[in-house]
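Please look over the chain below. A short report on selected features follows.

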Amino acid sequence: MKSGWVDRDAEAMVADGAKVGIDPELSLRTYTTRLLGRDPKLVLHGGGNTSLKTKMRDLLGTEVEVLRVKASGADMASIEPAGFPALRLEPMRKLRALATIGDEELLGIERANLIEPRAPNPSVEVMLHAFLPHKFVDHTHATAVLSVINQPHGEEISAEVFGKHMAFVPYLMPGFGLAKKAIEVFERAPSCEGLILSKHGLVTFGETAREAYERMIAFVSRAEDFIARNRKSAAASPSARRPPPVAEVAPIVRGACSQKDDRSDGAWRRLVLDFRSSDAVLDFLDSKDLPRLSDAGVVTPDHTIRTKNWPLVLNAPAPARMGEFTQSAREKAQEFTTRYGDYFARHNKRAGGYKRELDPLPRVVLVRGLGLFGLGRTKADAVIAADIAEVWVECLRAAEAIGRFESISEADMFDCEYWPLEQVKLGARKEPPLLGQVAAITGAGGAIGAATAKCFAAAGAEVALLDVDRTAAREQANAVGAHALALACDVTDGGSVSAAFEKIAEHFGGVDIVVSNAGAAWQGRIGEVDENILHKSFELNFYGHQRVAQAAVRIMRVQGTGGCLLFNVSKQAVNPGPNFGPYGIPKAAALALMRQYALDYGADGIRANAVNADRIRSGLLTPQMIASRAEARGVSEKDYMTGNLLGREVAAEDVAQAFLHQALALKTTADVTTVDGGNIAAAMR
Ligand SMILES: [Zn+2]
């Protein structure tokens with residue numbers, strides 16, 4: 001591992017900071033923190049923290065000694081100087097006299113000693129930084145170091161690899177106790193350049209930002225070299241890998257790792273998936289030691305809140321026997337949740353019985369011969385779980401190559417998983433109503449599709465935006481957010497629809513809601529219209545809905561957790577307009593299609609509903625069309641757009657809200673919701 005320090009960059013950071021009054025040391029603290037944070041071999045998703053001891057003026061202008069420490073949950077890769085809340089150092093140090101202190105009480109004291117009262121909470125490892133005397137303190141969970149020290153004889157190996165440069169701190173749960181132990185160890189070995197925290201990570205320190213940072217790089221490099229020198233050449237016995245496509249397996253895994261939500265009949269607690277595969281992952285999954293390794297535990301305590309303590313392991317699926325795989329996946333997932341429940345009950349009793357059980361669903365699933373899935377309530381959480389799982393695989397492989405991997409005890413893991421300060425990192429989320437659900441929207445480049453994608457994402461769903469125009473889909477997906485998926489999809493082409501749904505299953509693990517919205521209007525007097533026009537319109541306005549619904553239902557049935565099909569049928573479906581037959585007739589068929597799906601798949605928990613909307617500014621009703629129709633009727637454009645019982649213009653967002661309502665109404669199927677401002681001739685009868 002090489003130092004990422006570049007003089008020019010460090011100087012630029014100091015110069016930029018000086019312009020807005022930031023102390024040069026804090027600028028350099030920010031600079032090296034980012035260097036550490038951008039390397040996943042050192043720091044991953046909130047693991048790791050850094051600090052600086054300096055002086056500053058408090059709000060009354062008195063100069064005080066402060067500790068500036070990374071804020072809890074802040075991302076080191078992109079941290080700003082404001083991401084280091086400042087605490088009065090002296091009162092923090094005095095706490096060393098206490099034998100123990102409760103988490104709440106400690107947090108209260110920390111907050112009372114913040115220079116800026118509204119600053120974010122300091123890192124949960126703040127006391128480690130406060131007690132150590134050094135100006136700069138860096139702490140990471142470097143993978144190579146964990147491979148070396150997470151061994152039955154970790155202390156001896158640590159001495160062999162790091163010599164007297166690093167002092168060894170036996171395992172204690174992160175927090176106040178560990179901080180006290182660390183300073184005791186340091187005081188017995190005051191010439192050391194850092195500390196090894198058993199089964200957890202390492203700390204380096206220095207008088208300058210560069211010294212502390214480059215010591216970190218040097219010690220991690222030592223661990224890397226040690227692994228390279230001592231690696232036993234493992235005899236690879238790769239299985240003959242002909243796994244089915246990820247898109248086939250993911251919905252099975254997703255369905256198995258879902259739970260009925262007792263709060264409402266028909267509701268499910270679902271997770272979103274993120275798939276990873278690599279030679280390293282596949283070799284690991286082929287290992288004959290997989291049963292032992294998969295139960296061996298996390299590589300550093302704070303991973304447990306993201307991945308739980310062990311993954312769900314599934315056997316290799318064979319393409320011709322997917323039914324068997326589904327059955328076994330469901331049984332194994334059930335065993336997993338039972339085991340998790342037992343683990344919770346056992347340790348909750350020991351801890352006093354007042355903890356609240358987290359959901360018992362797996363967060364990492366290993367599928368032999370295929371790869372691994374990270375699972376989360378959002379795509380972002382699934383990605384984090386998968387990132388950590390990949391590092392876990394890497395760390396265990398290296399540990400096993402030089403010895404035998406050993407983690408902390410199950411009791412220690414529980415104490416970390418259910419440590420309130422760690423749970424805070426996950427945020428006290430009020431769960432939005434569609435959290436964990438995946439929605440696919442066709443025609444998402446257009447006004448109604450785009451508004452629906454935004455509305456569903458705001459309600460917590462992960463969204464896939466499908467449009468025949470890839471650029472339009474991309475643009476709208478960008479407006480929704482980083483995890484929205486944009487796909488080119490021509491609903492008049494069966495192959496294109498299948499390919500899009502395969503990509504959705506690969507990317508999110510499956511699909512729960514489909515808004516079949518793509519459509520276009522053709523006109524012609526029905527007795528004279530060219531049959532080709534009718535064919536074209538049926539291809540898009542009827543068969544398009546059928547292809548999309550069929551592809552979605554296939555995945556929903558594999559998941560086994562119900563689902564929801566939503567169709568955009570125009571008012572033409574119930575109230576035909578003159579010369580609009582080529583558009584209205586396939587739309588009327590689409591309305592019948594919706595009812596047929598409701599009828600045929602109700603027993604699978606799959607609901608089908610439609611929105612009957614009218615007169616919405618979109619690609620189907622362009623400004624030119626509005627102008628010409630208003631003129632034909634001899635009214636103003638405004639009067640044309642508000643020509644309904646309520647006298648209100650209907651917007652794409654109103655249609656989106658109707659779809660959202662239908663997606664949430666778990667007891668409603670075969671329903672048509674009218675969104676047209678009131679038009680008695682088009683009312684459902
Ligand atoms: Zn740590």
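Are Glu125 and His141 buried or exposed? Both residues are buried. The model is predicted.

## Zinc site

Four residues coordinate the zinc ion: Glu125 through OE, and His139, His141 and His200 through NE2. Angles among the four donor atoms span 80 to 162°.

Along the chain, the donors of the zinc ion follow the spacing E-x13-H-x1-H-x58-H. Glu125 sits in the loop between α4 (103–112) and α5 (126–131), and His141 in the loop between β4 (136–140) and α6 (143–149), so this pair ties together parts 16 residues apart in sequence.

## Nonpolar cores

The largest nonpolar core has 50 residues. Val145, Val148, Phe162, Ile196, Leu202, Phe284 and Leu366 touch the most other members. Helix α15 supplies the largest share of this core, nine residues.

Leu366 has contacts beyond its sequence neighbours, including Phe284, Leu290, Pro311, Val313 and Trp392. Another core, of 42 residues, lies apart from the largest one. Among its members are Ala464, Cys489, Ala518 and Leu593.

## Ile402 in helix α15

Ile402 lies in helix α15, which covers residues 379–402. Leaving out residues up to four places away in sequence, Ile402 touches Ser147, Val148, Gln151, Phe226, Ile227, Asn230, Arg231 and Lys232.

How far apart are the C-alpha atoms of Ile402 and His139? They are separated by 24 Å, with the two residues 263 apart along the chain.

Definitions and conventions
Residues are numbered from 1 along each chain as its sequence is written. This is a predicted model: local features need pLDDT of at least 70, side-chain atom pairs count only at pLDDT 80 or more; totals for chains, interfaces and linings use all residues. Side-chain values use heavy atoms; hydrogens and water are left out. Helices (H or I, at least four residues) and strands (E, at least two) are DSSP runs, numbered from the N terminus. Contact means heavy atoms within 4.5 Å. Donors are N, O and S atoms within 2.8 Å of the metal (3.2 Å for Na, K and Ca); water is not among the atoms, so sites may look incomplete. Four donors count as tetrahedral if all angles lie between 85 and 135 degrees; four count as square planar and six as octahedral if opposite donors are over 155 degrees apart and all others between 65 and 115; anything else is irregular. Buried means under 20% relative accessible area, exposed over 50%, partly exposed in between (1.4 Å probe, protein chains only). A nonpolar core is a set of buried Ala, Val, Leu, Ile, Met, Phe, Trp, Tyr and Cys residues joined through side-chain atoms within 4.5 Å.
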